[in-house]
Amino acid sequence: VLAEVNATVQESITGISVAKGFRQEQRIYDEFRDVNAQAYRLSLRQGYVFSGIFPVLGTVAGIGTAIVVYFGGMSVIQGVVSAGDLYLFVVSIDLFWFPLISIASFWSQFQLGLAASERVFALIDAEPRVTQIGNQSVDKPTGRVEFRQVDFRYTDKEQVLEDFDLTIRAGETVALVGHTGAGKSSLGKLVARFYEFQGGQLLIDGQDIRTFDLEAYRRYLGIVPQTPFLFAGTVADNIRYGKPTATDEEVIAVARQVGGGDWLDALPQGLETPISEEGRGISMGQRQLVALARVLLQDPAIVILDEATASVDPLTEAQIQEGLDVVLAHRTAIVIAHRLSTIKAADRIIVLRKGAIIEAGNHDALMAQGGHYAELYNTYFRHQSLDYDPARELQLAAAPA
């Protein structure tokens, strides 16, 4: 129950801006009051039970001692035992009762410990879904990725990939496009070995990914999520996160490579600018640039990029794009694309629909086909083009067929 109270408080604090925006403060308060009242009732009942243990045991011990004294006194009168023997026996019983009562008085702490340990051991005993069949050490791979008839599903009712085949050449940048649920993010997570696939093979440089030592493999893997996560500390600490032994000179060098280093001048204290939990204290664009610098310092062979420019302004997008050019150079890159600039820069575009590849090629070739990619471009990406003219588009739409 206490965990439920803490979860409610944490959720309320995290989402307080949303709650205020939708004027739901009273609802949050009412929900917390109900959960807190339930916790109070259970805690009160628990307190009554645990507080009654010591008096009950004391009463039982007193009654037991009184019975011994009564029958012992009768034995003394009858001459069976002496008064001294009876006294020593009563004192021994008192010494026997004391540790039992003391142990029982801590029963509440035992129960709390058992409840906590049950949750801890349940987590420890949980079987990992991702299992390796080998523990092979990994030298820096060239970055060739092959999906061979891969089957993957999150649940039995949610088939994502079926007999999926795709080969990504070493050093190639591949952009994945498609509607939500097409399987774009799933491909990146499989390469990162975050999920277990149910059939087929996933090969890195011709070797089964399941035979690698995961810690060694992920040392050469760079992942940049759409919403970067930064830890409390400084900007330099977060850049150095993947390589704690990096010197200050190395950190400064990679920071200057990302976006030309101009973004560092906007930080109040440069690389020593403090960051609070989840990156608070700097803008979303600056967080993404820090995430790119963190990956660049690690020097990965394979980069998985969940479009880093999806939630930033055009100026910051240009800086991030410059950083991407540096990060992706001479590396295999799997890019989940939401921006036209990233898609056009890719060596190959893979168009996905319901876990299957329906089109592949560069931007110009796919547009010439007039297929699903052209439809996606005209619907979602066309307005991002530099030659996009809203007025002209309206005129064309209003013109008779």
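1. A residue is called buried here when its relative accessible area is under 20%, exposed when that area is over 50%, and partly exposed in between, using a 1.4 Å probe and protein chains only. Arg169 is partly exposed, because its relative accessible area is 47%. The side chain of Arg169 meets that of Glu172 in a salt bridge of 3.0 Å, N to O, where a salt bridge means a side-chain nitrogen of Lys or Arg within 4 Å of a carboxyl oxygen of Asp or Glu. Glu172, with a relative accessible area of 3%, is buried.

2. On the basis of the note, this is a predicted model, in which local features need pLDDT of at least 70, side-chain atom pairs count only at pLDDT 80 or more, and totals for chains, interfaces and linings use all residues. Residues are numbered from 1 along each chain as its sequence is written, and side-chain values use heavy atoms, with hydrogens and water left out.

3. The sheet deserves a careful look, and its elements are DSSP runs numbered from the N terminus, with helices (H or I) of at least four residues and strands (E) of at least two. Six strands are arranged as an open sheet of 6 strands in the order β6-β9-β10-β3-β11-β12, with mixed pairing, two strands being paired if DSSP finds at least two bridges between them. The edge strands, β6 (221-224) and β12 (356-361), each pair on one side only. From one strand to the next, the twist averages 20°, with axes taken as lines fitted to C-alpha atoms, for helices over the stretch in contact, and angles running from 0 to 180 degrees between N-to-C directions.

4. Strand β10 (residues 332-336) is mostly covered, with 5 of its 5 residues buried. Thr332, Ile334 and Ile336 point one way from β10, while Ala333 and Val335 point the other way, and all are buried. Strand β9 (residues 302-306) runs parallel to β10 and is joined to it by 5 bridges; within this pairing, Leu305 has Val335 as its bridge partner, and Val303 stands opposite Ala333. Strand β3 (residues 173-177) also runs parallel to β10, joined by 4 bridges, and here the bridge partner of Leu176 is Ile336.

5. Helix α6 (residues 184-191) lies across β3, β6, β9, β10 and β11 (348-353), and runs at about 150° to β9; contact in this setting means heavy atoms within 4.5 Å.

6. The structure holds 14 salt bridges. In one of them, the side chains of Asp299 and Lys140 meet at 3.0 Å, N to O. This pair links distant parts of the chain, since Asp299 is in the loop between α11 (284-298) and β9 and Lys140 is in the loop between α5 (107-125) and β1 (145-155), 159 residues apart. Asp299 is partly exposed, because its relative accessible area is 34%, and Lys140 is likewise partly exposed, at 44%.

7. Another salt bridge brings together the side chains of Arg240 and Asp237 (3.9 Å, N to O). Arg240 is buried, with a relative accessible area of 14%, whereas Asp237 counts as partly exposed at 41% relative accessibility. Elsewhere, salt bridges that share partners join Lys140, Asp299 and Arg331 into one network.

8. Arg23 is placed in the loop between α2 (16-21) and α3 (25-77), and at 65% relative accessibility it counts as exposed. From C-alpha to C-alpha, Arg23 and Phe147 are 49 Å apart in space, and they are 124 residues apart in sequence.
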